[in-house]
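Here are some notes to read alongside the model, written as numbered points. Please keep the structure open and find each place as it is named.

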Amino acid sequence: MKRREALQLIPLSLAGMTGLSQNALSGGMPQKHPVVGLKGPLSMRYMKKICNMLQWVRDTQSENMLEASYAIARTIQKGGRCWRSWDMGHSGTQDVFPGRNGNPDMFTEGFDPKKAKNGDVFLACSRWGGPYEELSKKDILIIGMPVPWGGDAKGQEFVVDSMLQQKIRPHADIWIESTITTHGAIMKVPGIEAPFGPASGTVGLLIYWMIVADACRILARDGKSMPVEGDEPKLSGNSIPWINLHEPIMDNYFEVVMNQLDMVKGEMGNIRQIAAMAADTALSGGKVWCYSRYWESLAMESHGRRGGLYMTRGVHDQDGKLKTVADSDKLGSSKDMVIMGIWEPADEIDLKHLDTFRKYGMKIASIGPMTCDIKVPDGRTVPKEADVHAGRMCDTYGLYAVPGFDRKVCPTSGILMLQMFWATCMEIADELIRRTGNPPAILLSGAIKDGRRHNKFMLNRYLERGY
């Protein structure tokens with residue numbers, strides 16, 4: 001489908017809607033982010049940069065995102081399929097794992113050219129890997145976004161030649177600019193040639209949930225409903241705060257996320273305590289583990305991430321047992337600590353593994369929501385039993401009660417999880433530099449020229465120092 005045809009999906013009355021930028025359709029990219037007030041700890045400077053990036057996306061790309069919402073809704077209404085291969089961090093499914101609260105069942109993960117049909121939609125980025133020529137063989141509407149791993153992002157001159165062929169933009173009918181560069185990280189630490197602090201996951205998740213929010217609203221307005229994943233009790237009764245089906249809600253989602261990101265400042269005491277625990281662990285010969293129930297979430301985000309610390313090692317559940325992301329990593333020392341990334345406070349699998357970490361004698365920190373529907377669950381929860389917890393500002397469930405949808409949609413905890421984790425990593429780096437005078441090993445993308453040589457050098461540094 002051509003872009004001029006895709007534009008017809010949005011009623012003309014929405015073109016002048018309050019809050020939607022008139023220059024969004026240009027897909028333009030700012031020469032420089034208006035970063036202000038960057039004095040202070042590395043964690044706060046990182047958060048400010050991220051918020052500036054998110055603000056730019058909202059100010060310039062809202063029309064494109066609303067256009068994408070209409071395309072997805074119309075495709076579902078006509079019985080077509082919506083495919084997805086999106087950047088949500090170190091994995092493309094970080095925030096849409098099985099049973100994710102607030103996730104409507106509207107996408108098929110990946111893209112199968114043999115099963116795709118004319119009229120389908122593909123929410124795509126260059127991390128898909130191709131074969132790209134298949135995208136032009138059928139009448140499929142492509143919604144694209146640049147990501148670090150590929151040839152669409154700014155800074156293509158730094159990318160190895162094999163990655164330059166991975167491009168979605170030439171095929172895209174709707175293009176959503178994210179300002180992500182091929183390096184993917186945004187902070188510079190003296191003494192390290194690799195930038196620190198990934199940004200693509202946060203930006204990609206904001207765009208994704210803003211699009212999904214209005215796709216749900218449009219479907220409901222036109223009498224279509226979809227099941228919503230998770231264990232939230234199904235909506236019923238006369239006191240449900242249903243959304244207005246005739247007003248876009250993506251701006252509201254954006255404002256909620258920005259307000260919650262601002263509340264991370266109130267968590268900095270706990271975040272710094274987690275960072276101090278991590279520094280103690282590394283300097284005493286232990287390992288810093290990062291756990292999530294699902295491989296694609298914090299376990300993967302923390303392990304080998306471009307712009308991330310070499311010292312954080314991933315571990316996750318596999319058939320009821322703990323499995324390390326790298327088979328060579330051995331879990332189970334009392335010298336170690338674990339940062340548990342949780343998406344709901346009383347998950348029974350998480351609690352089972354918390355007990356295992358305790359048996360090993362490990363220190364335990366947790367990051368994620370403390371509440372379900374703004375209430376702390378009775379009985380055991382991970383935040384109650386961890387040595388320190390960060391995440392009081394976000395809830396387990398989605399934000400919006402959409403008529404016809406059985407549970408609230410569009411959670412914010414995934415975005416907040418990423419930002420609290422990376423703020424913690426910034427504090428870990430600051431703490432290690434203060435104590436030792438040495439910066440920690442920080443990874444560079446393997447898609448960047450000379451990136452593999454850099455990472456081999458960082459591996460040697462990690463093995464020598466433990467950080």
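1. Which residue in β11 does Val288 stand opposite? In this model, which is predicted, the residue opposite Val288 is Met337. The two strands concerned, β8 (residues 288-292) and β11 (residues 337-341), pair in the parallel sense over four bridges.

2. That pairing belongs to an open sheet of six strands, whose order is β10-β9-β8-β11-β12-β13 and whose pairing is mixed. The edges are taken by β10 (321-324) and β13 (388-390), and because each has a single partner strand, one side of each is left without a neighbour in the sheet. From one strand to the next, the twist averages 25°.

3. Of its 36 residues, 28 are buried, so α2 is largely enclosed by the rest of the structure. Just after α2 comes Gly79, which takes a positive phi of about 85°.

4. How many disulfides does the structure hold? There are zero. A disulfide is a covalent bond between the sulfur atoms of two cysteines, and the cut-off applied here is that these atoms lie within 2.5 Å. For Cys51, the closest cysteine sulfur is that of Cys394, 15 Å away, which is too far for a bond. For Cys394, the closest cysteine sulfur is in Cys372, at 11 Å, and this too is too far for a bond.

5. Is Cys394 buried or exposed? Cys394 counts as buried, at 2% relative accessibility, whereas Cys51 is partly exposed, with a relative accessible area of 21%.

Notes
Residues are numbered from 1 along each chain as its sequence is written. This is a predicted model: local features need pLDDT of at least 70, side-chain atom pairs count only at pLDDT 80 or more; totals for chains, interfaces and linings use all residues. Side-chain values use heavy atoms; hydrogens and water are left out. Buried means under 20% relative accessible area, exposed over 50%, partly exposed in between (1.4 Å probe, protein chains only). Two strands pair if DSSP finds at least two bridges between them. Axes are lines fitted to C-alpha atoms, for helices over the stretch in contact, and angles run from 0 to 180 degrees between N-to-C directions.
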